[in-house]
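Keep the structure open while you read.

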Amino acid sequence: MTFSPQLEARFAKLLESYPAGRQRAAMIPMLLYAQDEIGSVTDELVEEVAQRVGVTPLQVNEVVSYYSMLHREARGKYHVQVCTNISCLLHDADQLLEHTCQKLGIENHGVTPDGQFSIEEVECMGACSWAPAIQVNYDYHHFVTPEKLDRLLDGLRKKQ
Amino acid sequence: MLYNEPSPLETRVLSRRFGMAHSESIETYLATEGYQAFLKASKMTPDEIISEMKASNLRGRGGAGFPAGMKWSFVPRTSPKPKYIVVNADEGEPGTCKDRVLMENDPHQLIEGVLIAGLAVDAHAGWIYIRGEYRYLIDIMDRAIAEAHERGWLGKNIQGTGFDFDLYTHTGAGSYECGEESALLESLEGKRGVPRIRPPFPAVAGAFQCPTVLNNVETFCAAPAILLNGGAAFAALGIPKAGGTKLTCLTGHINKPGVYELRLGFPVKQMIEEVGGGMRNGKKLKAFIPGGSSCPVLTAAECEGATMDYDSMAQRKSMLGSGGVVIMDEDTCMVKACLRLMKFYAHESCGWCIPCREGTAWLTKIMTRFHSGGGSPQDIGLLGDIAKNMLGRTFCPLGDAAALPMISIVEKFRGEFEDHLNGKPCPYEHSNRMVTA
């Protein structure tokens with residue numbers, strides 16, 4: 001597989017970040033950074049990472065299935081993650097999730113037909129004092145109201 | 001920059017650079033006594049460093065509260081194996097958002113804390129395991145590490161002391177369980193985040209089976225202040241047996257949510273009323289979680305006279321935990337809050353220990369039925385029984401972390417469970433929307 005030069009540089013650095021013979025340690029970071037570039041963990045990526053860190057594809061697959069941020073299917077260009085855990089729930093995050101679903105016309109875990117947006121209800125994202133919070137891809141948004149969310153999603157839609 | 005309006009009641013030690021211009025830069029750090037504690041420690045013996053840490057009465061700030069100096073002293077320094085430092089930045093305990101603030105505002109303080117630990121146990125490499133969602137913090141830490149290398153505060157022969165140290169960031173990929181130290185080590189090695197059977201403890205066989213100091217971000221961040229001003233000075237900020245300050249995240253139904261640095265032993269009532277500006281909309285306090293969702297919940301009555309420290313919370317059969325305070329007002333449905341927590345633990349159980357895997361799933365199933373009005377009177381006892389059968393029967397604390405809040409809520413708020421019986425709609429919800437399981 002070919003990756004961008006930046007990602008290759010990151011991989012090279014990762015492989016040097018662990019003791020000799022322990023390159024398997026680079027597996028999870030490699031999978032996540034590669035997923036960011038290609039959109040999902042494909043069979044081809046599993047093979048590639050297995051080969052680069054010196055394990056079997058099965059050993060990569062058992063790791064992929066464990067971590068919630070690693071996913072085999074493609075998500076929307078903008079992956080909207082709504083935290084509904086306790087501190088956010090106390091600020092009506094469950095209603096915010098429902099509002100997000102209505103706004104985008106998809107269910108939790110769904111992807112819009114144009115592939116632009118997807119929704120995921122997530123566990124605590126470490127934004128408890130600024131609740132309710134969401135993440136769009138890796139960007140945090142704090143003290144989110146339905147109106148703020150509408151403006152954010154409308155802005156992203158125009159940006160396409 | 002994540003930074004709330006500070007409170008005059010704070011004791012700002014770890015957070016003293018928050019709010020300064022470019023607080024994250026090495027220039028600001030060096031201009032404000034940065035890396036001076038490392039230089040001081042480099043002239044001390046490892047035993048002297050560890051005795052300062054012990055004198056500080058610093059207890060692990062991730063939630064378990066184990067004395068940090070003692071943890072460092074368990075590392076066999078004469079072992080022929082390399083020793084490592086691992087920072088737990090997998091902040092995921094619901095209600096907790098303090099490590100994020102520490103890394104964002106003052107990344108060099110963390111690096112210096114790691115270097116001090118390195119001197120104390122003769123380690124020359126370390127990793128900061130940062131949860132995957134905190135990608136921007138990985139970038140901030142990577143920049144700070146690069147700055148430290150450029151200025152000679154990391155790498156070979158640091159500032160001519162003859163001490164070498166390399167530090168790396170390592171991303172997680174979505175797993176609460178990886179905040180548990182042995183699961184974190186498995187994850188660091190490129191495996192599923194399943195806990196290890198202990199002993200051996202990480203101090204003896206940690207990262208890559210080598211002796212390892214593994215602490216929370218906040219614990220390492222306290223080390224520079226302890227070395228610079230002495231362990232006794234840090235200890236004096238708190239109370240006997242619990243030294244120093246704690247970054248406390250006020251969350252939930254409060255007027256001024258935010259992260260505040262408070263001395264150990266700070267009164268709970270004063271924290272809510274004065275630091276947090278009181279209950280939102282003038283409502284009454286119903287329930288209080290002292291430090292993350294894994295702590296048993298306290299009632300408003302139990303908060304009377306309580307202070308934010310290990311012993312006061314233990315007397316109330318709860319825990320100080322991680323500093324993630326969750327404040328719930330009189331309009332909160334405790335059944336719904338409990339259901340959401342059980343859903344969380346069921347999602348995050350690694351599935352290795354059967355009492356946790358099955359217990360969290362059953363608690364979620366029964367709670368879901370209960371909250372939607374389909375519960376029976378027997379279910380109330382069943383919830384407590386299932387939870388009690390999970391306690392102490394798992395290799396890591398996740399099983400207990402689910403069982404303890406469940407037991408406390410069902411015991412202390414039994415009436416609310418009864419209010420949901422016989423198909424009655426949730427008395428706290430206008431729409432009677434159900435949390436989807």
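## Helices, sheets and rings

In chain A, the buried residues of helix α3(A) pack against α1 (5–15), α2 (27–38) and α4 (57–64). Note that the model is predicted. Helix α3(A) spans residues 43–53, and its buried residues are L45(A), V46(A), E48(A), V49(A), A50(A) and V53(A). An α-helix has 3.6 residues a turn, so residues three or four places apart point the same way.

Chain A has an open sheet of four strands, ordered β2-β1-β3-β4, with mixed pairing. The edges are β2 (117–122) and β4 (139–141) of chain A; each has a single partner strand, so one side of each lacks a neighbour in the sheet. From one strand to the next, the twist averages 20°. Strand β3(A), residues 134–136, runs antiparallel to β4(A), and three bridges join them. V136(A) has D139(A) of β4(A) as its bridge partner. Helix α7(A), residues 146–159, lies across β1 (78–83), β2, β3 and β4 of chain A. This helix runs at about 5° to β3(A).

**The sheet of chain B**

Chain B also has an open sheet of four strands, here in the order β3-β2-β1-β4 and with parallel pairing. Its edge strands are β3 and β4 (212–216) of chain B, and each pairs on one side only. Neighbouring strands of this sheet are turned by 20° against each other on average, direction ignored. Six bridges join the parallel strands β2(B) and β3(B). One residue to look at is Y129(B), whose bridge partner in β3(B) is H170(B).

Helix α6(B) touches β1, β2, β3 and β4 of chain B, and its direction makes about 150° with that of β1(B). Helix α9(B) touches β1 and β4 of chain B, at about 100° to the direction of β4(B).

How do α6(B) and α9(B) pack, and at what angle? Their axes are 7 Å apart, at an angle of about 75°. The two helices are therefore roughly perpendicular to each other. On the α6(B) side, the contact residues include L110(B), V114(B) and A117(B). On the α9(B) side, they include F220(B), C221(B) and L227(B).

**Aromatic pairs**

Over all chains, the count comes to 23 aromatic pairs.

| Pair | Centre distance | Plane angle | Type |
|---|---|---|---|
| F38(B) and W153(B) | 6.4 Å | 85° | edge-to-face |
| Y84(B) and W127(B) | 5.0 Å | 65° | edge-to-face |

The F38(B) and W153(B) pair links distant parts of the chain, 115 residues apart. F38(B) is in helix α2(B), residues 36–42, while W153(B) is in the loop between α7 (135–150) and β3 (166–171) of chain B. F38(B) is buried, at 0% relative accessible area. W153(B) also counts as buried, at 6% relative accessibility. Both rings belong to a cluster linked by ring pairs, together with Y29(B), Y35(B), F163(B) and F165(B).

The Y84(B) and W127(B) pair spans 43 residues. Y84(B) is in strand β1(B), residues 83–89, and W127(B) is in strand β2(B), residues 123–130. Y84(B) and W127(B) are buried.

**Charges over rings**

The charged end of R59(B) sits over the ring of Y310(B), 3.9 Å from the ring centre. R100(B) lies over the face of Y140(A), with 3.9 Å to the ring centre.

Technical notes: Residues are numbered from 1 along each chain as its sequence is written. Chains are lettered from A and ligands numbered from 1 in the order in which they are written. This is a predicted model: local features need pLDDT of at least 70, side-chain atom pairs count only at pLDDT 80 or more; totals for chains, interfaces and linings use all residues. Side-chain values use heavy atoms; hydrogens and water are left out. Rings of Phe, Tyr and Trp (its six-membered ring) pair if their centres lie within 6.5 Å; planes under 30 degrees apart count as stacked, over 60 as edge-to-face and the rest as tilted. Buried means under 20% relative accessible area, exposed over 50%, partly exposed in between (1.4 Å probe, protein chains only). A charge sits over a ring if NZ of Lys or CZ of Arg is within 6 Å of the ring centre and within 35 degrees of the ring normal. Two strands pair if DSSP finds at least two bridges between them. Axes are lines fitted to C-alpha atoms, for helices over the stretch in contact, and angles run from 0 to 180 degrees between N-to-C directions. Contact means heavy atoms within 4.5 Å. Angles under 35 degrees count as roughly parallel, over 145 as roughly antiparallel, 65 to 115 as roughly perpendicular and the rest as oblique.
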